[in-house]
Amino acid sequence: MSSRKLRELSVLKKYDLTPNMLRIVLTGDDLKDFPEGQESGYIKLLFVSDNPKPILRTYTIRYFDLKKRELTLDFVVHGVNTDPLVDDEQFGPAISWANNVEIGETITIDGPGPTKLVDPNGEWFFFAGDMTAMPAISANLESLPENSKGHAVLEILTESDKYPVNAPKGIELHWVINSEPDKANTILLDAVSNIEWLEGSPHVWVASEFDAMRSLRKYFKSTFAEKGLSVERGQIYASSYWKAGETDEGNKAAKKRDNAEVA
């Protein structure tokens, strides 16, 4: 897109949103032509490395205020607050940066990429995701018509990670605790599969760890078939934001293979 370019920004604000979610607000004159309405889309943070090319890490745009020139990003920092030494090797460059960066320091971003919003014309809606998907799910819920109905299953690390979500009254929120998301389990899938479907055909939006995403996608496709519901193009969105035991590059490679398999 024509509006996508490199921008150098500085850290304006930094604070804990929950015990395991850190919010950082970036600002700068380079945001003067950043497009509005990109919440749920993404930017890429650029980190200098020993290689010729910088390391890129993708993060969802939570909020953008053009008048104030403020771009808000949320970071899942599981384990960081209990570890006094946060480095790239253990947590990766983005989390290490987010934990250690100070107000006024600069970062280069690339973006924005396309939004990931559900079709607002669905009969009802079913969202499911872990904490990495919370910014995108929150943006999706805020974009829905006030009379929307459905379910949103939100996997968090601890009870204290619950925070206010601005959803239509007809969207029921289901909070699920998974203290070890990096270990294989079916906690999110079990919570989703135990929810009774509403009448009609839902629009589904899923984002989570790679294997959890594949299990959820399989469940939704099979449930559509069992209920005799056809799946229109774009009616089921499913993406992995990370893969347990893999780097960001490993997740991207797994997604590429997965996309080829389901194409």
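Visitor: Over how many bridges do β3 and β7 pair?
Guide: In this predicted model, Lys44 stands opposite Asp110 in β7, which gives a place to begin looking along the two strands. The sense of the pairing between β3 and β7 is antiparallel, and the number of bridges is three.

Visitor: Which strands stand at the edges of the open sheet of seven strands?
Guide: The strands of this sheet follow the order β4-β3-β7-β1-β2-β6-β5, with antiparallel pairing, and the twist averages 35° from one strand to the next. A strand at the edge pairs on one side only, and this holds for β4 (55-60) and β5 (63-65).

Visitor: Which residue in β6 is the bridge partner of Tyr63?
Guide: β5 and β6 form a hairpin with four residues between them, and in the turn Arg69 has a positive phi of about 55°. The two strands pair in the antiparallel sense over three bridges, and in β6 the bridge partner of Tyr63 is Thr72.

Visitor: Which residue stands opposite Thr72 on the side of β2?
Guide: β2 and β6 run antiparallel and are joined by seven bridges. β6 is mostly covered, since six of its seven residues are buried. Opposite Thr72 of β6 stands Val25.

Visitor: Which element gives the largest share of the largest nonpolar core?
Guide: This core has 24 residues, and those that touch the most other members are Ile24, Leu26, Leu45, Leu71, Phe75 and Trp97. Two or more residues come from each of β1 (5-18), β2 (21-27), β3 (42-47), β6 (70-76), α2 (93-100) and β7 (106-111). The largest share is four residues, and the element that gives them is α2.

Visitor: What does Leu26 contact, leaving aside its neighbours within four places in sequence?
Guide: Leu26 is one of the residues that touch the most other members of the largest nonpolar core. Its contacts, with those neighbours left aside, are Leu9, Ser10, Val11, Leu12, Leu31, Arg69, Glu70, Leu71, Leu73, Trp97, Ile107 and Ile109.

Visitor: Is Asp29 buried or exposed, and with which side chain does the side chain of Asp29 make a polar contact?
Guide: Asp29 is placed in the loop between β2 and β3, and at 57% relative accessibility this residue counts as exposed, because the cut-off for that word is over 50%. The C-alpha atoms of Asp29 and Pro168 are separated by 35 Å, the two residues being 139 residues apart along the chain. The polar contact of the Asp29 side chain, at 3.2 Å, is with the side chain of Arg69.

Visitor: Why is one side of β10 and of β12 left without a neighbour in the sheet?
Guide: These strands belong to an open sheet of five strands, ordered β10-β9-β8-β11-β12, with parallel pairing. β10 (170-177) and β12 (236-242) stand at the edges, so one side of each is left without a neighbour, each having a single partner strand.

Visitor: Which residue in β12 is the bridge partner of Val206?
Guide: Strand β11 (residues 202-209) pairs with β12 in the parallel sense over six bridges. Helix α5 (residues 210-226) lies across β8 (124-129), β11 and β12, running at about 160° to β11. As for Val206, the bridge partner in β12 is Ala238.

Visitor: Is Asn140 buried or exposed?
Guide: Asn140 lies in helix α3 (residues 134-143), and, not counting residues up to four places away in sequence, touches Ser40, Lys116, Leu117, Val118, Phe127 and Trp205. Because its relative accessibility is 0%, Asn140 counts as buried.

Visitor: How far from a polar atom of the Ser138 side chain does the backbone oxygen of Met134 lie?
Guide: Ser138 also has its place in helix α3, and with a relative accessible area of 3% this residue is buried. Leaving aside its neighbours within four places in sequence, Ser138 is in contact with Arg62, Tyr163 and Val165. The distance from the backbone oxygen of Met134 to a polar atom of the Ser138 side chain is 2.8 Å.

Visitor: Over which residues is the pLDDT below 50?
Guide: The chain averages a pLDDT of 92, and 94% of the residues score at least 70. Where pLDDT is low, the predicted coordinates should not be read in detail. That caution applies to a stretch with 14 contacts in the model beyond near neighbours in sequence, where the pLDDT is below 50, namely residues 82-88.

Methods. Residues are numbered from 1 along each chain as its sequence is written. This is a predicted model: local features need pLDDT of at least 70, side-chain atom pairs count only at pLDDT 80 or more; totals for chains, interfaces and linings use all residues. Side-chain values use heavy atoms; hydrogens and water are left out. Two strands pair if DSSP finds at least two bridges between them. Contact means heavy atoms within 4.5 Å. Axes are lines fitted to C-alpha atoms, for helices over the stretch in contact, and angles run from 0 to 180 degrees between N-to-C directions. A nonpolar core is a set of buried Ala, Val, Leu, Ile, Met, Phe, Trp, Tyr and Cys residues joined through side-chain atoms within 4.5 Å. Buried means under 20% relative accessible area, exposed over 50%, partly exposed in between (1.4 Å probe, protein chains only). pLDDT is the predictor's confidence in each residue, from 0 to 100. A polar contact is a pair of N or O atoms within 3.5 Å; within protein, one must be able to donate a hydrogen and the other to accept it, and residues adjacent in sequence count only if both atoms are side-chain atoms.
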